[in-house]
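Subject: The structure, and what turned up in it

Hi there,

Here is the structure I promised to pass on. Have a look at it first, and then read on for the notes.

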Amino acid sequence: METPADSPFTWENIDWTKVQEHVNKLQFRIAKAVVKGNIYKAKRLQYLLTNSSYAKLLAIKKVTSNKGKNTPGIDGILYRTPKQKLNAALSLSHLKYRSLPLKRTYIEKKGKKAKRPLGIPTMYDRAMQALFALALEPIAETTADTMSFGFRKYRSAHDAREHAFNCLAHKDRAQWILEGDIKGCFDHISHQWLMDNIPLNKKTLKEFLKAGYIYRKKLFPVKAGTPQGGIISPILANMTLDGLEKVIKEQYWSCAKGTIHNRYNRNKVNFIRYADDFIVTAKSKEVALDVKNIIEKFLIERGLTLSEEKTAITHIADGFNFLGWNFRKYHGKLLIKPSKESFKNISQKIRTTVKQFRGMPQKDLIRTLNPIIRGWCNYHKVTVAKEAFKALDTVLFEALWRWGRFRHQNKNAMWIKNRYWKRIENRDWRFCSEDNVLIVAGYTKIIRHIMIKLDKNPFVREDSDYFYYRKRKESF
């Protein structure tokens, strides 16, 4: 992509709608070729997309608009100014591309002392991954398992929850659940399997996989796994696990006599996956154990194993946790609630946040707490969560009261109450400043989530209207 030195073309006057439409058009064509089984044409279209000026501009926009835009890799380079962004887009090319090692850092795990490793690629490497992710995503989406919900366009944990409810709620449904967790999934995927099976430029893919990382000024090469923190990593991980649903169905979904496509599920085996976490429903414990063996064989070829500590077989009456929710039948009725671990984590986060703001103005504390409360409540509002929301309000009040008492140790309780809590409409004790009010978790309405239609593909033109109207409806 070249522009003359005196060209009026600048980052500020880019028509992003036109850019997105051009990229979408190529992605639709890639998906269509895959549906028709024309892999050679799909690869040619991938080549066109990764060499497209529009796709390069979009890749730079993605990496300079997300949360990591202010975090440099080992070269310390960031794309801040419009000129830097445009020059970066002009320089993107897979020819003679060499990936730099990732900068290794460690972040806290929720509720655990052990820290999780995170790799930070350079901005250029992030942009290259974003560019090739645009070319790979239509294939990944078109060939994906139907019951895979993590890191996929327009799909969410709420869709996985709704499908799990459908598989378990009625009296005649499965009673046993295999809770699965893959041990260090992103760190152990076989590079050879990826090179042999991922439809992407092999030279570029190898650069992504073999980059290694630097920690304490020392280079560590990698022999397996996808780059932690890499934009393309979730797509690669999903494609590695795709096919597992088919293997399980071939074993347990029997064809009705005289038919090919109509199947019945005598053993009530249903597979639901979100990224590397999954559950499998089963009629009996023996069936669940057999499914576990099938999964283990599938994973070995890809360099993966199940985590013995986190993989378990549970009866629905005892309940199990999945994606931050607890699923359990009480006297035959399935209830889905926020898990105890999820509530413990949000409570700890609130207490820690309030403690950190002991010396700061009330308005700043409210401005920090509101997104935390809103995010947790929005995630759980599709479940039986009213009691949890009220309990969260209690945690908030206790933490804020300690905050007020700490700030004014020589004042009495009524003075502190009048200083920080007001009466608003028909509710007393509303924690508020002059220009902001703390959210009341208990006011959150319980709203049922409408599950996505599983046969719809965001990269198939005929399905575009469905996703447009679904997204529009969710925004209201």
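To start with a residue you can find quickly: does His94 count as buried or exposed? With a relative accessibility of 12%, His94 counts as buried, where buried stands for under 20% relative accessible area, exposed for over 50% and partly exposed for anything in between, using a 1.4 Å probe and protein chains only. His94 sits in the loop between α4 (82–91) and β1 (102–109); helices (H or I, at least four residues) and strands (E, at least two) are DSSP runs, numbered from the N terminus. Leaving out residues up to four places away in sequence, His94 touches Tyr47, Asn51, Met128, Phe132, Asn201, Lys203 and Thr204, with contact taken as heavy atoms within 4.5 Å.

Before the rest, a word on provenance. This is a predicted model, in which local features need pLDDT of at least 70 and side-chain atom pairs count only at pLDDT 80 or more, while totals for chains, interfaces and linings use all residues. Residues are numbered from 1 along each chain as its sequence is written, and side-chain values use heavy atoms, with hydrogens and water left out.

Now the cores. In soluble globular proteins, nonpolar side chains tend to be buried together. The largest nonpolar core here has 71 residues, a core being a set of buried Ala, Val, Leu, Ile, Met, Phe, Trp, Tyr and Cys residues joined through side-chain atoms within 4.5 Å. Ile198, Val291 and Ile295 have the most contacts inside this core. Helix α5 (residues 123–143) supplies the largest share of the core, twelve residues. A second, separate core has 26 residues, including Ile346, Trp376, Ile416 and Leu438. Going back to Val291, its contacts beyond four places in sequence are Leu178, Ile248, Tyr252, Val269 and Val280.

Two helix pairs deserve a look. Helix α11 (residues 244–252) packs on helix α12 (residues 285–300) at an angle of about 135°, with the axes 10 Å apart; axes are lines fitted to C-alpha atoms, for helices over the stretch in contact, and angles run from 0 to 180 degrees between N-to-C directions. That makes α11 oblique to α12, since angles under 35 degrees count as roughly parallel, over 145 as roughly antiparallel, 65 to 115 as roughly perpendicular and the rest as oblique. On the α11 side, the contact is made by Leu244, Val247, Ile248, Gln251 and Tyr252. On the α12 side it is made by Val287, Asp290, Val291, Ile294, Ile295 and Phe298. These contact residues divide into nine nonpolar, one polar and one charged; Ala, Val, Leu, Ile, Met, Phe, Trp, Tyr, Cys and Pro count as nonpolar, Asp, Glu, Lys and Arg as charged, and the others, Gly among them, as polar.

The other pair is helix α13 (residues 340–356) with helix α14 (residues 362–380), whose axes come within 10 Å and cross at roughly 175°. The two are therefore roughly antiparallel to each other. Ser342, Phe343, Ile346, Lys349, Ile350, Thr353 and Val354 of α13 meet Leu365, Thr368, Leu369, Ile372, Trp376 and His380 of α14.

Residues up to four places away aside, Ile446 touches Lys381, Thr383, Ala385, Lys386 and Phe389. Ile447 is in the loop too, partly exposed at 44% relative accessibility, and, leaving aside neighbours within four places in sequence, is in contact with Lys381 and Val382.

Strand β12 (residues 325–330) holds Lys329, which counts as buried at 8% relative accessibility. Beyond four places in sequence, its contacts include Leu168, His170, Gln175 and Ile316.

Last, two backbone points. Tyr154, in the loop between α5 and α6 (157–168), has a positive phi near 70° without being a glycine. Trp429, in strand β15, is not a glycine either and has a positive phi of about 60°.

Best wishes
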